[in-house]
Amino acid sequence: MAAKKKIAVIHGPNLNLLGLRETSIYGQETLDEINATLKRYADSKNVELSVFQSNSEGEILDELHKANEEAFGVVINPAAYSHTSVAIRDAISAIVPPVVEVHLSNIYSREEFRQKSLTASVCAGVVTGFGSYSYILGIKALIN
Ligand code: DQA
């Protein structure tokens, strides 16, 4: 079988509102702008990128299952589901490609309920607090 060349980027709930939502925490960039930067970075590394956003837990699960078939790695910002979703944690555990969890904000410097990620400990690693550059660092880690 040919080696997989794709990284799947998965954005969780409310990230479609980036650029409008709590800009003092999440910045001014829209999701489309972030995705365009990620695509440019991936192109420069000869890596294919799929980008996906959903506000629904089930759709995120389906995308993780799809990534299991198609991708050699996953970068996911599970957003609020990081703190609540056993189902997403189980899907990350179930799939073979390594998963990097990313957050725009530093979840450890925020409210107590955000400081616990149910998904982080089943990921290969976590990048938190570097704004949209967290995604680039996640992609970089998977390529390396
Ligand atoms: C977030 C942090 C989460 O606590 C929050 O629910 C989000 C975004 C981040 O990228 O900083 O929606 O994942």
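## Ligand site

The largest cavity is the space that the ligand takes up. This holds for a predicted model.

Around the ligand stand Arg 21, Tyr 26, Asn 77, Ala 79, Ala 80, His 83, His 103, Leu 104, Ser 105, Ile 107, Arg 110 and Arg 114. By residue class, this shell consists of five nonpolar, four polar and three charged residues. Tyr 26, Ala 79, Ala 80, Leu 104 and Ile 107 of the shell count as nonpolar.

In the side chain of His 103, a polar atom is 2.8 Å from a ligand oxygen. Leu 104 contributes through its backbone, where an N or O atom lies 2.8 Å from an oxygen atom of the ligand. For Arg 114, an N or O atom of the side chain is 2.9 Å from a ligand oxygen. These distances fall under the cut-off for a polar contact, a pair of N or O atoms within 3.5 Å.

On its own, the ligand has 320 Å² of accessible area, and the protein covers 99% of this.

## Chain architecture

Five helices and five strands make up the secondary structure elements of the chain. Their order along the sequence is β-α-α-β-α-β-α-β-β-α. The radius of gyration is 14 Å, close to the 15 Å given by the globule rule for 144 residues, so the chain is as compact as a globular protein of that length.

The C-alpha trace spans about 45 × 30 × 25 Å along its principal axes.

Notes:
Residues are numbered from 1 along each chain as its sequence is written. This is a predicted model: local features need pLDDT of at least 70, side-chain atom pairs count only at pLDDT 80 or more; totals for chains, interfaces and linings use all residues. Side-chain values use heavy atoms; hydrogens and water are left out. A residue is near a molecule or strand if one of its heavy atoms lies within 4 Å of it. A polar contact is a pair of N or O atoms within 3.5 Å; within protein, one must be able to donate a hydrogen and the other to accept it, and residues adjacent in sequence count only if both atoms are side-chain atoms. Accessible areas come from the Shrake-Rupley method with a 1.4 Å probe; for residues, only the protein chains shown count as cover. On a 1 Å grid over the protein atoms alone, a cavity is a set of points where a 1.4 Å probe fits but cannot get out, and a pocket is an open set with protein on both sides within 12 Å along at least five of seven lines; lining residues have an atom within 4 Å of a point. A molecule sits in a cavity or pocket if more than half of its atoms lie within 2 Å of its grid points. Helices (H or I, at least four residues) and strands (E, at least two) are DSSP runs, numbered from the N terminus. The radius of gyration is taken over C-alpha atoms; the globule rule is 2.2 Å times the number of residues to the power 0.38.
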